Every structure is written in structure tokens, then in C-alpha cells.
Amino acid sequence: MRFETRELTPTMVRAPRGGTTMEIDWADGHTSLYPLDYLRGWCPCAGCQGHGGEPHFVTGGSADLADIAESGNYALHLKWVDGHETGIYTFEHLRTICGCPSCQPNGPPREAPPAPAGRAASTRR
């Protein structure tokens, strides 16, 4: 999926301490609402996703967000209370996993599709 620059430019990020969601307003007028357990499951780091293949939802790990920091002008660095902090969530990744009906008319990619025969689904350790 290709995005225009304004589709990848956040104007506001909200994730209240102790909350269960992160909300992003984008320059194109779109608003994305992400449950924190959903974001943790789609962590893009190599430890969660491996070093190749299609991105997939990984179960486990804390869904409590400790901190959010900007990473350049292209991503957010999310730090989780269990110490996991290697995921750099690019704005393109965040738009791709947006689960709203206009972005995902068939429903959000909540979990990984069934694993091919002989291959186990991923879990976080």
C-alpha cells in the first residue's frame, strides 16, 4: 500500500497514562485509534517479527505503555512497562495496521492468519 505524505504525517498523538488506547490524528484528516494490546501484538521489531517474511500479530508481552518518543520525522518509539522497547513504529506501519472500517473494510488484522501446516503461530517470550 502506498501513502501520500500527508497520510503519514501525524498532527497529534494521544495515549493517556494508564489508558488502554493510543489515538493519532493525521494531516489528511484521518484519526486512528489503536488498542495498546493491538499495537504490542503488531510490534515491528526483529525480536517479535523475525528477520523476514510477512508481518504478523504476536501474542504475549505487556500491553501497558511506559513512554512514547518521536524517532526522527518518520516513526514513534514505543516503550512498554515490561522493558520491551526495540520496536520503532513507522508512520507507514501505523497507517497500514489502522483497524478502522475505512482502512480495513474486512475488519482489522487483529491476529495472524492461521499458520501454514507444520509451522507454529508466534508467541512472545
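This is a predicted model: local features need pLDDT of at least 70, side-chain atom pairs count only at pLDDT 80 or more; totals for chains, interfaces and linings use all residues.
**Overall make-up**

The chain contains three helices and six strands. Read from the N terminus, its elements follow the order β-β-β-α-α-β-β-β-α. Of the 125 residues in the chain, 34% are buried. The accessible surface amounts to about 7500 Å², and carbon and sulfur atoms account for 51% of that surface. Contacts can also be sorted by distance along the sequence. Among those between residues at least 6 apart in sequence, 42% join residues at least 24 apart.

**The sheet of E4, E5 and E6**

Three strands make an open sheet, arranged in the order E4-E5-E6 with antiparallel pairing. Strand E4 (65–71) and strand E6 (88–90) are the edge strands; each has a single partner strand, so one side of each has no neighbour in the sheet. On average, and with direction ignored, neighbouring strands of this sheet are turned by 30 degrees against each other.

Strand E5 covers residues 75–80 and is joined to E6 by three bridges, the two strands running antiparallel. Within this part of the sheet, His77 stands opposite Ile88 in E6.

**Aromatic pairs**

The structure holds two aromatic pairs. The table lists the geometry of each.

| Pair | Distance between ring centres | Angle between planes | Arrangement |
|---|---|---|---|
| Trp26 and Phe91 | 6.0 Å | 80 degrees | edge-to-face |
| Trp42 and Phe57 | 6.0 Å | 75 degrees | edge-to-face |

The planes of Trp26 and Phe91 stand at 80 degrees. Planes over 60 degrees apart count as edge-to-face, and the pair is therefore edge-to-face.

Trp26 and Phe91 link distant parts of the chain. Trp26 belongs to strand E2 (residues 21–26) and Phe91 to helix H3 (residues 91–96), and the two are 65 residues apart. Residues under 20% relative accessible area count as buried. Trp26 has a relative accessible area of 3% and is therefore buried. Phe91, with a relative accessible area of 7%, is buried too.

In the pair of Trp42 and Phe57, the planes make an angle of 75 degrees. Trp42 sits in the loop between helix H1 (36–41) and helix H2 (46–49), while Phe57 sits in the loop between H2 and E4, so this pair ties together parts that lie 15 residues apart in sequence. Both Trp42 and Phe57 are buried.

Key. Residues are numbered from 1 along each chain as its sequence is written. Side-chain values use heavy atoms; hydrogens and water are left out. Two strands pair if DSSP finds at least two bridges between them. Helices (H or I, at least four residues) and strands (E, at least two) are DSSP runs, numbered from the N terminus. Axes are lines fitted to C-alpha atoms, for helices over the stretch in contact, and angles run from 0 to 180 degrees between N-to-C directions. Buried means under 20% relative accessible area, exposed over 50%, partly exposed in between (1.4 Å probe, protein chains only). Contact means heavy atoms within 4.5 Å. Accessible areas come from the Shrake-Rupley method with a 1.4 Å probe; for residues, only the protein chains shown count as cover. Rings of Phe, Tyr and Trp (its six-membered ring) pair if their centres lie within 6.5 Å; planes under 30 degrees apart count as stacked, over 60 as edge-to-face and the rest as tilted.
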